[in-house]
Amino acid sequence: MQNQEEKLIYVSYRRKSSESEDRQTLSLDSQKKELSAFADKYGLRVKFDFAESQSAYSRGRPKFLEMVELIESGQANAILVYHISRLARNMTDGGLIIDMLKDGVIKEIRTPHEQYTKDSGQEFILALNFAMSKKSSDDTSEFVKRDIEAKLRKGEWPGMAPTGYLNLDSNGKIAGKNYSLEKQIALSKIKRPLRRIEHDPFLAQLISKLFEKSATNQYILDELAEMAMEWGIIGNRSGKKLSESSVYRILTNPFYYGAIRWKETIIEPEDLPAQSRHEAIISRELFNRVQEVLGLRTKYVSPKRCYKYSNIMTCGICGGHMSGITAKDITYYRCCKCRGVAYVKEGELEKQIVAFLETMTIDEDFYKLAIEEINHANENEIKTRDAIKDQQDRELKHCQIRFDNLLRLKISPENKNGELLSEADFVRQKKIIDEEMSSIKERIGDTDRQSQNWFDLCVEYFDFTTRLVNKFREAGPEKRREIFEFCYYNPQINAQILTNSANNPHKFIIQANSINSATITANNDLSKTKTAANMASVSEWRERRGSNPRPSA
């Protein structure tokens with residue numbers, strides 16, 4: 001074992017993004033400290049280090065790809081990462097890592113809490129981990145979408161208001177960089193309750209004036225930008241004259257006559273709740289005149305027909321996106337680049353989807369045994385994390401004792417003239433202790449989040465695959481698209497056949513389900529042997545597991 005470990009050359013990979021999925025994850029510097037301490041403790045040979053600030057939800061992370069190329073070249077053969085979700089939150093990258101582990105290109109993946117090697121059981125757990133990381137990101141994305149839709153239903157704009165308006169917080173205070181005392185005082189004179197979006201007391205009238213000048217058809221965009229700068233309308237970020245494109249965006253924004261444009265749909269003022277909609281700065285008639293001057297239609301694109309699978313499948317011939325189209329009441333998905341050569345009917349497409357989902361769908365007996373296996377795997381996980389938490393609590397208590405002793409020394413009568421501890425030394429030592437305490441608290445919070453997520457996410461995954469085909473058949477358009485996006489990654493259409501990515505973490509649940517089904521089918525007496533067959537399938541997975549798989553969410 002010692003000889004094998006000596007041959008392992010680790011590459012350290014750290015990642016954090018500013019998106020909601022990562023806001024509570026350790027910073028890159030904190031991850032570096034944790035991994036360095038872990039490597040020193042266990043004598044791991046870390047020869048390379050990669051760090052990047054980018055979401056792992058989509059493919060194409062430069063440092064991740066650089067790390068993969070380095071490992072494939074043979075310069076390293078193991079990965080050290082703070083948390084397995086740092087590696088991937090999408091199926092292609094997750095499947096790539098699993099295949100490299102399975103093929104022996106990666107000998108080991110280590111985190112402070114887990115260890116993965118070439119083992120069928122650990123590969124399954126790792127695949128489940130990546131799948132749930134993606135689902136967690138999908139759920140976050142869905143939550144944001146639902147939050148936006150809820151605001152739109154209430155008639156509220158879900159983002160930052162355009163120039164001429166101000167965003168207010170729940171206390172009526174101007175939010176963001178647009179705050180000024182003069183504007184706040186002006187708003188306080190409004191006799192009615194303030195809305196979340198109000199007119200800018202100084203710029204609203206100037207925006208109206210800009211529309212009126214444009215409606216005369218006597219000025220080009222650059223001249224309007226010059227006028228706006230003279231009046232005091234400038235770029236929020238640059239503080240300089242508005243660009244022509246910025247002026248154009250203002251003049252074509254229906255928000256100013258009280259409407260809300262979201263994506264390609266316009267919600268007219270009369271369709272918004274009166275108590276929550278924002279006040280118009282200009283009339284609809286003035287807005288329409290400006291659109292005529294600009295050579296645009298006064299009516300925007302109406303809501304489109306719902307095409308459940310548009311822009312999530314690619315053409316197997318040219319790689320272009322497949323878009324929905326309806327002809328003679330039949331919905332097709334076709335590649336526009338290939339001029340319709342690559343296409344498939346929606347009905348035929350969904351038959352193929354159902355056929356694939358059947359390979360992922362597990363029955364109740366297999367579900368129960370999978371939950372038992374998760375419980376079995378989680379027991380050691382809980383013990384290890386409790387031990388880590390106790391150690392972190394002791395470290396925090398020790399820091400607090402050091403600070404208390406430092407403070408006692410500082411205020412003690414013997415230190416009246418700073419003979420025992422000068423002011424400069426006190427500040428310096430206090431800063432060191434504060435930084436240590438902050439780092440420990442950050443790690444404690446991260447340990448708590450890890451410990452509460454893994455079991456729930458695993459159960460949720462098996463809940464998801466139970467009766468999956470029925471769930472798809474009973475689902476509406478949005479839910480069907482959601483299921484499709486979760487189960488397929490990089491789907492392609494070639495000769496009207498739908499294919500899934502080869503690097504698909506779901507293939508492990510498919511393989512386990514296939515072994516289970518084959519075992520049952522091979523026996524004539526299904527009712528008596530079904531449980532035994534399930535047990536054989538799951539126990540084979542359990543017996544081939546390593547000693548320390550411990551997955552995390």
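So, at roughly what angle do the axes of helix 11 and helix 15 cross? Roughly 60°, and the two axes come within 12 Å. Helix 11 covers residues 346-360 and helix 15 covers residues 477-487.

Before I go on: this is a predicted model, where local features need pLDDT of at least 70, side-chain atom pairs count only at pLDDT 80 or more, and totals for chains, interfaces and linings use all residues. Residues are numbered from 1 along each chain as its sequence is written, and side-chain values use heavy atoms, leaving out hydrogens and water.

Helices (H or I, at least four residues) and strands (E, at least two) are DSSP runs, numbered from the N terminus. Axes are lines fitted to C-alpha atoms, for helices over the stretch in contact, and angles run from 0 to 180 degrees between N-to-C directions.

Back to our helices. Helix 11 and helix 15 are therefore oblique to each other; that word is what remains once you take out roughly parallel (under 35 degrees), roughly antiparallel (over 145) and roughly perpendicular (65 to 115).

Who makes the contact, meaning heavy atoms within 4.5 Å? On helix 11 we have Glu350, Ile353, Phe356, Leu357 and Met360, and on helix 15 Arg480, Ile483, Phe484 and Cys487. Seven of these contact residues are nonpolar, two are charged and none is polar. Here Ala, Val, Leu, Ile, Met, Phe, Trp, Tyr, Cys and Pro count as nonpolar, Asp, Glu, Lys and Arg as charged, and the others, Gly among them, as polar.

Okay, on to the sheet. Strand 11 (residues 322-327) pairs with strand 12 (residues 330-335) in the antiparallel sense over six bridges; to pair, two strands need at least two bridges found by DSSP. Ser323, for instance, sits opposite Arg334 in strand 12. These two strands form a hairpin with two residues between them, and Lys328 in the turn has a positive phi of about 55°.

Arg334 also has a bridge partner in strand 13, namely Tyr343. Strand 12 and strand 13 (residues 343-345) pair antiparallel too, over three bridges.

Put together, that's an open sheet of three strands in the order 11-12-13. Strand 11 and strand 13 are at the edges with a single partner strand each, so one side of each has no neighbour in the sheet.

How values were computed. Contact means heavy atoms within 4.5 Å.
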